[in-house]
Amino acid sequence: MKLIAESGGTKTSWCGITESGQTDIIPTIGLNPNFVTADVFRETISSEVLPALKIKDCDIDRVWFYGAGCAGRAMNSRVRADIRSILPSVDDRRFAAGDRGIEGKSMHTQQRSILDLPSFSTVPP
């Protein structure tokens with residue numbers, strides 16, 4: 001399963017996507033790492049996201065977290081550590097945080113490849 005999050009200061013939208021393409025959207029509080037503690041970040045994932053998806057953490061093999069506050073290596077590292085503490089089965093090579101992630105691909109490129117959708121006119125190639 002793939003887990004994609006888009007987070008701002010007030011809300012986060014999580015999307016779980018199974019191998020068969022089924023999706024589940026879960027809204028939570030905003031998880032800007034500049035304003036929430038690591039404990040709040042981890043608690044939100046473990047007590048809200050995972051139970052709402054009705055899956056076990058070992059079923060998630062890829063995570064993409066795009067959010068406010070994820071500019072720079074320090075914040076990306078912190079978000080990565082927070083998520084990996086709850087989802088240790090996620091391979092580092094299959095994790096992205098912030099504006100750049102897996103293999104240096106842009107967020108828009110990753111979103112298109114993750115969702116297997118054609119690009120929209122508002123998304124640059």
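The protein chain holds three helices and five strands, where helices (H or I, at least four residues) and strands (E, at least two) are DSSP runs numbered from the N terminus. Read from the N terminus on, these elements follow the order β-β-β-α-β-α-β-α. This is a predicted model, in which local features need pLDDT of at least 70 and side-chain atom pairs count only at pLDDT 80 or more, while totals for chains, interfaces and linings use all residues. Residues are numbered from 1 along each chain as its sequence is written, and side-chain values use heavy atoms, with hydrogens and water left out.

Of the 125 residues in the protein chain, 36% are buried, a word that stands for under 20% relative accessible area, with exposed meaning over 50% and partly exposed in between (1.4 Å probe, protein chains only). A nonpolar core is a set of buried Ala, Val, Leu, Ile, Met, Phe, Trp, Tyr and Cys residues joined through side-chain atoms within 4.5 Å. The largest such core has 21 residues, and those touching the most other members are Leu3, Trp14, Phe41, Ile60, Phe65, Ile83 and Leu87.

Leaving aside neighbours within four places in sequence, leucine 3 is in contact (heavy atoms within 4.5 Å) with residues including Trp14, Val49, Ile60 and Leu87.
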